[in-house]
Amino acid sequence: MMLAFDILKVPGAVIKMYDDHFNIIMTAEDFLLEWAIWRMYDLRRRALVKGDEPADISTFDAVVFRQCQNAVQSQIHAEMRATSDRMQRRPAQSNAPVASGSGAKASSSRKNTGGDMLKSITYSCCLVCGSKSHIHDKDVIRKDCDTRWLVFDGHIKAWRTPDTRALICWSWNSIDGCSKAGCRFATTGHRCSLCGGAHGCHSCPV
Ligand SMILES: [Zn+2]
Ligand SMILES: [Zn+2]
Ligand SMILES: [Zn+2]
């Protein structure tokens, strides 16, 4: 720019003024850190060099600099507020589709939640492996769930007793036991799912 001034035959005093102006900015210790403020200061100071009474910008104008500082800082604060507003809104927005419950997916997820709650009241341990850290869910494949006694029948996708190949009564193995009058599993399936004994798995001594 200074070279351009020379070529354009700009008077020496004006070149000196701009030189001083840029030196103030470029040599400021916080120039890199606060470049947004200095950029605004530069724009505002140079904008004064116009019209019938162009200002002398060769000296540092603390007032203009302070104004630029405030403007940049309030802009940063506004951006921070907007960002934190967005962060606070995001969880609510992501919940919205589930809460409004449109389509089969939403209703099935509600049903599953209800089913899970029911299961945790009905069972306090896994019917298949006896673990207390999870309960059996036929739709969930677990690596940490080795069968203790039951065998899985892949054809009908159900658990059977290993000795009689009978289906087990899940109610019998619930916390409250089976109270169904005429339970269809009563004769062969009222056995412990963990050992085959004549008790429910929640009271299994093994
Ligand atoms: Zn298990
Ligand atoms: Zn039963
Ligand atoms: Zn048992």
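Before I turn to the first helix I want to show you, let me say that the expected span of a helix is 1.5 Å times one less than its number of residues. This is a predicted model, and in it helix α3, which covers residues 35-46 and has 12 residues, reaches 16 Å from its first C-alpha to its last, close to the 16 Å expected. Within α3, the residues Ile37, Trp38, Tyr41 and Arg45 are buried, and when you look down the axis of the helix these buried residues fall within an arc of 95°, so they line one face of α3.

Let me now step back to the whole chain, which has 5 helices and 2 strands, and which, read along the sequence, follows the pattern α-α-α-α-α-β-β. Of the 206 residues in the chain, 14% are buried. As for confidence, the pLDDT averages 84 over the chain, and 85% of the residues score at least 70. Over residues 93-110, however, the pLDDT is below 50, and this stretch has 5 contacts in the model beyond near neighbours in sequence.

In soluble globular proteins, nonpolar side chains tend to be buried together. Here the largest nonpolar core has 13 residues, of which Val128, Leu150 and Cys201 touch the most other members. Apart from that core lies another, of 5 residues, and among them are Ile37, Trp38, Tyr41 and Cys68. Returning to cysteine 201, and leaving aside its neighbours within four places in sequence, we find cysteine 201 in contact with Cys125, Leu127, Gly130, Asn173, Cys192, Ser193 and Leu194.

Is tryptophan 172 buried or exposed? Tryptophan 172 has 23 C-beta neighbours inside 10 Å, and because a residue needs 20 or more to be called buried, tryptophan 172 counts as buried. Not counting residues up to four places away in sequence, tryptophan 172 touches Gly177, Cys178, Gly189, His190 and Gly200; with glycine 189, the separation is 17 residues in sequence and 8.2 Å in space, C-alpha to C-alpha.

The other residue is lysine 138, whose place is in the loop between α5 (103-122) and β1 (151-153). Lysine 138 has 10 other C-beta atoms within 10 Å, and since 12 or fewer makes a residue exposed, lysine 138 is exposed. Lysine 138 and alanine 158 are 20 residues apart in sequence, and their C-alpha atoms are 8.6 Å apart in space.

Terms used:
Residues numbered from 1 in each chain as written. Chains lettered and ligands numbered in written order. Predicted model: local features only at pLDDT ≥ 70, side-chain atom pairs only at ≥ 80, totals over all residues. Helix = DSSP H or I, 4+ residues; strand = E, 2+ residues; numbered from the N terminus. Arc of directions from axis to C-beta. pLDDT = per-residue confidence, 0-100. Contact = placed C-beta atoms within 7 Å. Core = buried A, V, L, I, M, F, W, Y, C linked by C-beta atoms within 7 Å.
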